[in-house]
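Please look over the structure shown here before reading the notes on it.

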Amino acid sequence: MKKIVCLGALAVALVAAGAADCARIFEAEIRDGVIHGAVVVAGGLEGKDVLASWGWADAAHTVPMTSRTVIDMASVTKTAAGVTAYLVAHARGKIPDFDVPFTNCLPAYSAPLARRVTLRDLANHVSGFGEADGRGRRVYFSEDPRTMLQNILSMPPKAPRPGRVFYSCRNYVLLGQAFESATGCRAAEFCRKEIFLPAGMNDTSLGAPLPSIGPDRLAQTFGTQKGGVISDFVARPLWAADIGTFNAGLFSTAEDMAKLMRVYLRGGVCDDGTRLFGADEMTQIAPSPTNTVEGARTFGWQYATENLPAALRGTSLFHSGWSGQTVLFDLKSRRFAVVITVRSGDYKRAKRERFLAIGALLPKVQE
């Protein structure tokens, strides 16, 4: 399925070429067993100009991949749900300062801290909280979700080195719990009522797919036995026990994620004019044009990686998911790209080629 709307002759030619490049990338990945299927949506403030899908949403190749396929978004949850919720809460004065110690918002955290760790440190993965000890396992993990939560709330950082990017899902478990404690709202309920519904993201939910979504629309992500299951082994038991976390657990579609990208491009305003947040919140996530440290983030959104096309560096924000998703919006060109795949193999190739697709989808079009 492919749709290209009129942008002018040069723009149409560039966009059509980008869609063709995506087709070559994803058809080869399906052939090579890297993914089962893919869908891309790209466009600007007014809507989408590329919408195309290939392959399947499940391992048995019985459910076609479409722009309305509901998929576990893995770590894209961190920004699409978690960071967005914090920006909305900031705009409403519920969490007015991201540079306060996170323990101000989460008094249940009981471990000693060798230094001050802020909400922003958690969001940017520079808190010192890591994942593994010398045995290579997650030090806090337990099959029992309440034991795991207690471990997270009682274990100090393993590597408290200021400024070092150390990617850890534990940061976003803590952010989820801090959010619920500070706002008095359950994370899933807040996101549904205050973000997804106002933005028109009617098929998006946190913690589990909406009950109205049938099996013919559910993707089966990496490491799961059926569609509609959270692939992340930390988030899955936490959400099953109704413990709010922002590390993973978002279910959404390419169409809905495109709506969220437009919210960001408009500085916090939905397609229907509803404002979720504003200029102050956009300042909180502004990318640095000079910091090129791999993995660098600005309140959760990443802006530096070797995979990012040079033309998008310093002006775009993005996030990827382990099971095959990348979303990006570029503040200079006012364009976005959503690339969602059902990954089944080679993580590095899949991630690298999603960014190749994004580079093809965001040509230098004069709008």
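The notes below describe selected features of this predicted model.

## Helix H2

Helix H2 covers residues 77-91, 15 residues in total. From its first C-alpha to its last it reaches 20 Å, close to the 21 Å expected at 1.5 Å a residue.

H2 is mostly covered, with 14 of its 15 residues buried. Just after H2 comes Gly 93, which has a positive phi of about 80°.

## A three-stranded sheet

Three strands make up an open sheet, ordered E4-E6-E5, and their pairing is antiparallel. Strand E4 (71-72) and strand E5 (205-206) are the edge strands, and each of them pairs on one side only.

Strand E6 spans residues 250-252 and is joined to E5 by two bridges in the antiparallel sense. Leu 206 has Leu 250, in E6, as its bridge partner. In general, strands of a sheet pair through backbone hydrogen bonds.

## Cysteines

The whole structure was searched for disulfides, and zero were found. A disulfide here requires the sulfur atoms to lie within 2.5 Å.

Cys 169 is also in no disulfide. The nearest cysteine sulfur, 16 Å away, belongs to Cys 191.

Are Cys 105 and Cys 169 buried or exposed? Cys 105 counts as buried because its relative accessibility is 11%, under the 20% cut-off. Cys 169, at 5% relative accessibility, also counts as buried.

Conventions:
Residues are numbered from 1 along each chain as its sequence is written. This is a predicted model: local features need pLDDT of at least 70, side-chain atom pairs count only at pLDDT 80 or more; totals for chains, interfaces and linings use all residues. Side-chain values use heavy atoms; hydrogens and water are left out. Helices (H or I, at least four residues) and strands (E, at least two) are DSSP runs, numbered from the N terminus. The expected span of a helix is 1.5 Å times one less than its number of residues. Buried means under 20% relative accessible area, exposed over 50%, partly exposed in between (1.4 Å probe, protein chains only). Two strands pair if DSSP finds at least two bridges between them.
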